[in-house]
Protein chains: 2
Amino acid sequence: MNTDPRIELGALNRAAAAEFSAQLAGIYEHSPWIAERTAAARPFSSRLELLAAMQAVVLAATTDEQLALVRAHPELAGKAAVRGELTAESTREQAGAGLSECSAEEFARLQTLNSDYNTRFGFPFVLAVKGHDRASVLRAFEQRLRNEPADELATALAQIERIAEFRLAERVREPMGESILAMADHLRQYSDDADALSCTYLGAAHRATAQRLCDWMRAAGLQAQIDAIGNVVGRWSCGRPNAKTLLMGSHYDTVVNGGAYDGRLGILLPIAVVEHLRHSGVRLDYDLEIIGFGDEEGVRFGSTYLGSRAITGQFDSGLLDRQDADGISLRAALLGAGLDPQAIPALARDPESLLGYLEVHIEQGPQLLDEDLPLGVVTAINGSQRFLIQIEGTAGHAGTVPMHLRHDAAAAAAEILLHTEKRCAGVAGLVGTVGRLQVPGGAVNVIPGRCELSLDVRAPEDATRDAAVADLLAEIERIGARRGVRIELEEVLKGAATPCAPMIRQALADSIRRVTGRDAVRQLASGAGHDAVPIAALTQAGMLFVRCGNGGISHHPDETLSVLDADVAALVVADFLVRLEAP
Amino acid sequence: MNTDPRIELGALNRAAAAEFSAQLAGIYEHSPWIAERTAAARPFSSRLELLAAMQAVVLAATTDEQLALVRAHPELAGKAAVRGELTAESTREQAGAGLSECSAEEFARLQTLNSDYNTRFGFPFVLAVKGHDRASVLRAFEQRLRNEPADELATALAQIERIAEFRLAERVREPMGESILAMADHLRQYSDDADALSCTYLGAAHRATAQRLCDWMRAAGLQAQIDAIGNVVGRWSCGRPNAKTLLMGSHYDTVVNGGAYDGRLGILLPIAVVEHLRHSGVRLDYDLEIIGFGDEEGVRFGSTYLGSRAITGQFDSGLLDRQDADGISLRAALLGAGLDPQAIPALARDPESLLGYLEVHIEQGPQLLDEDLPLGVVTAINGSQRFLIQIEGTAGHAGTVPMHLRHDAAAAAAEILLHTEKRCAGVAGLVGTVGRLQVPGGAVNVIPGRCELSLDVRAPEDATRDAAVADLLAEIERIGARRGVRIELEEVLKGAATPCAPMIRQALADSIRRVTGRDAVRQLASGAGHDAVPIAALTQAGMLFVRCGNGGISHHPDETLSVLDADVAALVVADFLVRLEAP
């Protein structure tokens, strides 16, 4: 699939300075000096780094040079456009926003605005029009006219950077893995906390992240927008009427102090794949929709899967009144972000229109790492059953009560823990955890009269889990009877397992075999929940797990993902997409 | 040993009212009406209850009757005494305080005081002179003369109650078990807390308890006083010059919210035994000293065994500067209680003067209860070794990390706990306890990355404990290595075991056989520390354990002791004392 005609970033890094400058001369409109001054800063590890270096040159230039750069841009639907004197890039861009199809009134209005703007600021109105239509261009124009002259140059330069990013995407390719990691790392800067990545639903960092995702989708060639629940939805249409849609995606919100790849990989990877396929001349015979779900972690409103549930039509409108820790309701938060709560029900997809759902996600565990494998096909998303357990034994003097006369609550808890460990070991996908364990008010010289613990059991199949739980409950009863302690269990959660769709599992496995050349494909269950859980109620859903570095740690700043793993995952997804047949 | 000539309390309960009144007519001086009015309140379960009923009659009487009661008492060393007109009781009592041996000046001073007192209050000065000497009588006299007339009648009536108690002890006998339990229950009223028994060293409750113990020792026939560290010391002298001394005793302080028998049994039981032996005409050929140790629990100053360490000469005078939670130093507390810190070193006993030490104590555990035995001979007081243990494993997602890749800190702790239980089971006297156990900040869905626990190991022989600890430490190391978790141990305590003296163990066992008629005598180790531990450094020490009811619970309001068990223990101690041969 090396049919992508764009120049490779590595080739730019290795090229002579003149060649580098020539290749990138058009990234900034009529301003080849920017590429020339950037050449010395090579090499660049990613296109985002290249962009940052070019924009740094812009910001380091004199004000006269900056003004010259802005003034090198044509007016929107201006005289140059009418006379056909635009650069090829500007022509495509203005046409993309429908500016070549203005009505006479719109055209007249734009001329007036162009003139007013130039009079007020001394340079033409520059806007990265990708993703805009004529109406939104007019709105932006009117808004910018109200800006302070002192601030407007910076605004224009920021728009020019966006234009440069779009143009770079059309001109320069990089390995998909590099692209994915560079985007994920770039998003770290949008955070509720200065020292950590915390991207909470509908907060300022969350909204900035959504805007960036939108831009990147557009740069990749998708029609992108933010929907009424805050999902970022990008569509790569195949152009066939009534074509079915394959959904891909994951979430872009994070836990507090989370990792950069959890969720986001599942959005950024298909973006990179679409860009790659499009430039390689591939056209799918179905529509592809990439959704960055706005809320999966449920940090702010305590309700997980808000984004994907809106897509499945399972959104509970009663949640609109739920308040966050600051007393702000979900409704108010949506309105504050410029979203329309009343439009949420219309987000529900028609199952008939869908081909399925594929979610790429880091494993959030150490299994692939441990087995030295980059990828695994998810068999099912485990259902989990949770209990809180209280044990009441008999407190006593640690020195005076002989071992055989004790009713030690902590010893009973220890037995439950070790029995859980033993029962779950060796059964594929079955896990059991005692995460909470405490002797309340314990003292060194007192035999524990009470002990509190939690029990969490998960398995890819409900039958496996149910059998394990039944065995554990029976053993807990035996432990209580044998030790003469009272054990009370409270079931606090029971969720069914979600099997992944056989078609998607099979197709993913085939793609992995083709891309990696290895016959054996690792199949594994997901211990954590994902957006695929609610979506599975809508359409056939499957997941691809990518190896998590650093011991498999996730939901933590130490979460890592390697470039090579991201790249091979992207190649597998590209293969999957190309070979998927629409009925 | 039914040679005690006193009338039995049960016989008084069963007697005709006239007989009851006749037997107790002299308990209150020249006031037979009190016994007469008390008869209807029978039966009484103890002498203390009988006394309370008689005093209730006094307090329910008219003021004229109360005044008549006070006026029925002779002046101290007054004209009646000089003329030989006192009742037999008063004659003995006044002689006991040395008032029959006054110097001419003292006699003159007493006459003046008698006259002044009668003038000020309208009734003679009444004082329970037992335990007094002439000097302290004069001090009390001068102090009472300064009282308000409105309060002095109540003071006189309280002194009359004390006189009645002493007289009742000479007139009425009760089973030793009843006496011991009645005294222990009576002491519950002296507490730092309204709803619980908390008797903290040198507090008001503690001092009231000491006074009461002093009175009971005196009533039993001992010479009693409170020493410079707050021990209540009662001596039953055999009268032989250079006779050796057998020490008996235990402590009268309690833990916060403690039990009524822990410690106190070991003071009250020998008091009851001495009273019984004396009235049975027994005379020992050695001196017997009963010591109620003021501080064993160490609640107030955090230093255990203050009382017994003063007796052994091990008192650390540096402790005088140690402060309690309110910032009061031990020195200030002693001075505030009227005690002389400088006199503490002189409390040290000469080991050459001692025969040994016998401590009677409730078991504070369930072994005797479990085996249906009232008594056991203590073989040794266990040494204890304590560790605080920190385990560091790897936290992880409870759903995503498979069992074989976990490094679960809590599972390692559970293994340590169960291995401790297994290693200690079946080895006589060896006990191991994990009393503290906690996963800090544990969550249901997180594999524990940390766990904290304590380990306490005790055995009657140091070799047994050392072997167990060595095995446990080796196993803990294996557990850490196998599970890939880091385990840090900190030894926080190591105390050697105190073996009980063979002579005392043998003699106690012989006495138990004789009293109970059973050949098998239970020998058991003490898991808790006792005053016998420091005393064992001074003289040969032994302990008798008495069955603890209620599952063996101690240091708790639910601590119980049965009358019958206290009685058989007292009979065994009486036999032990009678048969003990002084060299």
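Predicted model: local features only at pLDDT ≥ 70, side-chain atom pairs only at ≥ 80, totals over all residues.

Modeller: Residues are numbered from 1 along each chain as its sequence is written, chains are lettered from A and ligands numbered from 1 in the order in which they are written, and side-chain values use heavy atoms, with hydrogens and water left out.

Colleague: What are the helix and strand percentages over residues 13-169 of chain A?

Modeller: UniProt, in an unreviewed entry, lists "domain: Oxo-4-hydroxy-4-carboxy-5-ureidoimidazoline decarboxylase" at these residues; its positions are given in the numbering used here, feature names are shortened, and annotations may be inferred rather than shown by experiment. Helices (H or I, at least four residues) and strands (E, at least two) are DSSP runs, numbered from the N terminus. Over residues 13-169 of chain A the values are 66% helix and 0% strand.

Colleague: What area do chain B and chain A bury between them?

Modeller: With contact meaning heavy atoms within 4.5 Å, 52 residues of chain B touch 52 residues of chain A. Buried area is the accessible area (1.4 Å probe) that two parts lose on being put together, summed over both. Carbon and sulfur atoms carry 65% of the total, which is about 4,100 Å².

Colleague: How many disulfides does a search of the whole structure find?

Modeller: A disulfide is a pair of cysteine sulfur atoms within 2.5 Å. Over all chains, the number found is zero. For Cys451(A), which is in no disulfide, the nearest cysteine sulfur is that of Cys451(B), at 9.6 Å.

Colleague: Is Cys451(A) buried or exposed?

Modeller: Buried means under 20% relative accessible area, exposed over 50%, and partly exposed in between (1.4 Å probe, protein chains only). Cys451(A) has 0% relative accessibility, so this cysteine counts as buried.

Colleague: Which residue of chain B forms a salt bridge with Arg483(A)?

Modeller: A salt bridge is a side-chain nitrogen of Lys or Arg within 4 Å of a carboxyl oxygen of Asp or Glu. Two are found across the interface of chain B and chain A. For Arg483(A), the closest N and O atoms are 2.6 Å apart, and the partner is Glu421(B).

Colleague: Which helices hold Glu93(B) and Arg167(B)?

Modeller: These two residues form a salt bridge, with closest N and O atoms 2.8 Å apart. The pair links distant parts of the chain, 74 residues apart: Glu93(B) lies in helix α7 (residues 88-96) and Arg167(B) in helix α10 (residues 149-171), both of chain B.

Colleague: Is Glu152(A), the salt-bridge partner of Arg144(A), buried or exposed?

Modeller: The closest N and O atoms of Arg144(A) and Glu152(A) are 2.4 Å apart. Arg144(A) has a relative accessible area of 7% and is buried. Glu152(A) is at 0% relative accessibility, and therefore counts as buried.
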